[in-house]
Structures are given as C-alpha cells and as structure tokens.
Amino acid sequence: KASHFYSNQKELLLLIGEVKGISESRFGYSMGIKQIPHLPFYMDADVHKKLTKHFERELTLRNAFPEGHLMVIGTFGVNEALTPKFEELALMYVDENWLPVESMGDAALTSVLVKQGRTFVKGMRYNLSIHKPLASAVLSDTGLKPTALYLTPSEVNQSNFINEQSDLIANSDMDSWIWRLSDPLPNLPQIQANSHSNKADSHEH
C-alpha cells in the first residue's frame with residue numbers, strides 16, 4: 001500500500017494515536033506512536049517549532065502528569081524510502097481516565113470529580129480561545145438544575161476574563177460554581193437525591 005501511495009504524492013494519510021515520545025533525529029525530529037512503536041514518524045524543524053509553540057500546554061501537562069495520555073492527529077506522506085513524514089498535526093492531552101483536560105487546575109478538578117464519583121460532562125473548547133471562559137465541567141447530580149463548574153486562572157487579564165465569565169453565568173440556565181485558582185479548592189456542590197442522574201452513571205462524558 002505504501003509503494004502504491006508513493007506514486008501519487010498529492011495524497012496524504014491520516015494518523016490518530018498516542019504519543020510515546022518526541023526526539024531529535026537526522027531527519028529533524030521523530031515521534032514515536034505507542035500503537036506502532038517500530039515505525040517512527042518524522043517532522044522537519046519548522047513543523048516541530050509550530051508544534052511546540054501551539055501545543056505548549058499539552059506538552060507541559062504530559063510532563064506534569066505522565067500517567068495521562070498525549071494524543072496526536074496528523075496528516076503525513078510517505079517518501080520513496082517508505083518513511084512517514086508529518087505535514088500537519090495537532091495534540092490533545094487526556095488524563096489517566098481518558099478525560100480531556102487543558103490546564104493544571106482543570107486536571108486537578110477533574111481528578112477530584114472522578115474520585116468523588118460525581119456525574120458530569122466535560123466542557124470542550126474546540127475553536128474557542130484559551131483566553132475565553134468555559135465551564136470545565138457540568139455536574140448533573142446537583143438537583144433539578146445542573147451546575148456549571150468554572151475556573152478563573154490567576155495569570156489571565158482578570159477584569160476582562162471575570163466580566164466575560166460573569167456574563168456567561170448570568171445568561172445561563174444552570175447553577176454555577178467558581179474556583180479561583182489562586183485560592184484553595186472550594187467545596188463542590190452537594191449531590192442531590194432528586195437529580196436526573198444517579199451514581200451508576202457517574203463521570204459519564
């Protein structure tokens with residue numbers, strides 16, 4: 001298949017897998033994939049530079065919490081020597097329970113929710129800027145109304161971020177809970193017996 005693929009260099013293949021490691025190589029840099037450890041995927045210096053710039057958070061989380069998983073999705077081509085080389089790629093970090101987290105505070109909160117057996121849905125940012133407020137998770141075990149859990153990072157522009165977060169909460173039909181990451185973790189909302197969910201459905205995502 002690889003030999004046939006090389007005959008049409010305009011085509012690209014798609015890879016989704018778990019990163020084993022990234023290291024320098026004679027071709028620039030190489031990435032090991034846990035599912036296919038015998039086959040390194042190469043990238044040139046420019047692609048590696050963009051990767052470390054745009055996915056600094058994900059790489060930092062992987063170093064801080066190695067028990068989690070660093071996932072990659074990327075397009076690659078195969079050269080005449082049947083060597084795969086990335087054209088473009090993106091990273092996402094998930095914790096040891098395969099739940100996506102985007103910061104140290106998000107990882108800490110998610111870990112507490114899992115340990116307490118809470119029923120929740122993780123917030124996904126998609127194309128929303130990291131500098132915009134978003135619920136880290138939504139608890140569905142807090143009574144008739146779900147509760148959105150918000151984090152306020154200490155390093156952001158406090159006035160703009162807090163104002164946007166306040167507007168988001170004011171326009172929401174859900175209850176809210178806020179953890180200012182410069183402070184200790186507040187008590188989470190209590191589980192209510194009349195919730196739509198139950199313990200058997202805990203930490204669905």
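This report walks through the main features of one chain, starting with its overall make-up.

## The chain at a glance

What you see is a predicted model. The chain contains 5 helices and 9 strands. Read from the N terminus, these elements follow the order α-β-β-β-α-α-β-β-α-β-β-β-α-β.

Of the 205 residues in the chain, 38% are buried. The exposed surface comes to about 12,400 Å², with carbon and sulfur atoms supplying 52% of it. Among contacts with a separation of 6 or more, 56% join residues 24 or more positions apart.

Leaving aside residues up to four places away in sequence, Leu91 touches Val19, Met31, Leu51, Phe55, Glu58, Leu59, Leu70, Met71 and Val72.

Which residues of H2 are buried? They are Val47, His48 and Leu51. Looking down the axis of H2, you will find its buried residues within an arc of 100 degrees, so they line one face of the helix. These buried residues pack against S1, S2, S3, H3 and S5.

The other side of H2 carries Asp46, Lys49, Lys50, Lys53 and His54, which are exposed. At the start of H2, a side-chain oxygen of Asp44 comes to within 3.2 Å of the backbone nitrogen of Asp46.

## A cluster of rings

How many aromatic pairs does a search of the whole structure find? The search finds 2. In one of them, the ring centres of Phe41 and Phe76 are 5.0 Å apart and the ring planes stand at 90 degrees, so this pair is edge-to-face. The pair links distant parts of the chain, as Phe41 belongs to strand S3 and Phe76 to strand S4, 35 residues apart.

Are these two residues buried or exposed? Phe41 is buried, with a relative accessible area of 2%, and Phe76 is buried too, at 9%. Ring pairs also bring in Phe86, linking Phe41, Phe76 and Phe86 into a cluster.

Note on methods
Residues numbered from 1 in each chain as written. Predicted model: local features only at pLDDT ≥ 70, side-chain atom pairs only at ≥ 80, totals over all residues. Heavy atoms only, no water. Contact = heavy atoms within 4.5 Å. Buried < 20%, exposed > 50% of the residue type's maximum accessible area, 1.4 Å probe, protein only. Helix = DSSP H or I, 4+ residues; strand = E, 2+ residues; numbered from the N terminus. Arc of directions from axis to C-beta. Polar contact = N/O pair within 3.5 Å; in protein donor to acceptor, adjacent residues only side chain to side chain. Phe/Tyr/Trp six-rings, centres within 6.5 Å; stacked < 30°, edge-to-face > 60°. Areas by Shrake-Rupley, 256 points an atom, 1.4 Å probe, with all protein chains shown as cover.
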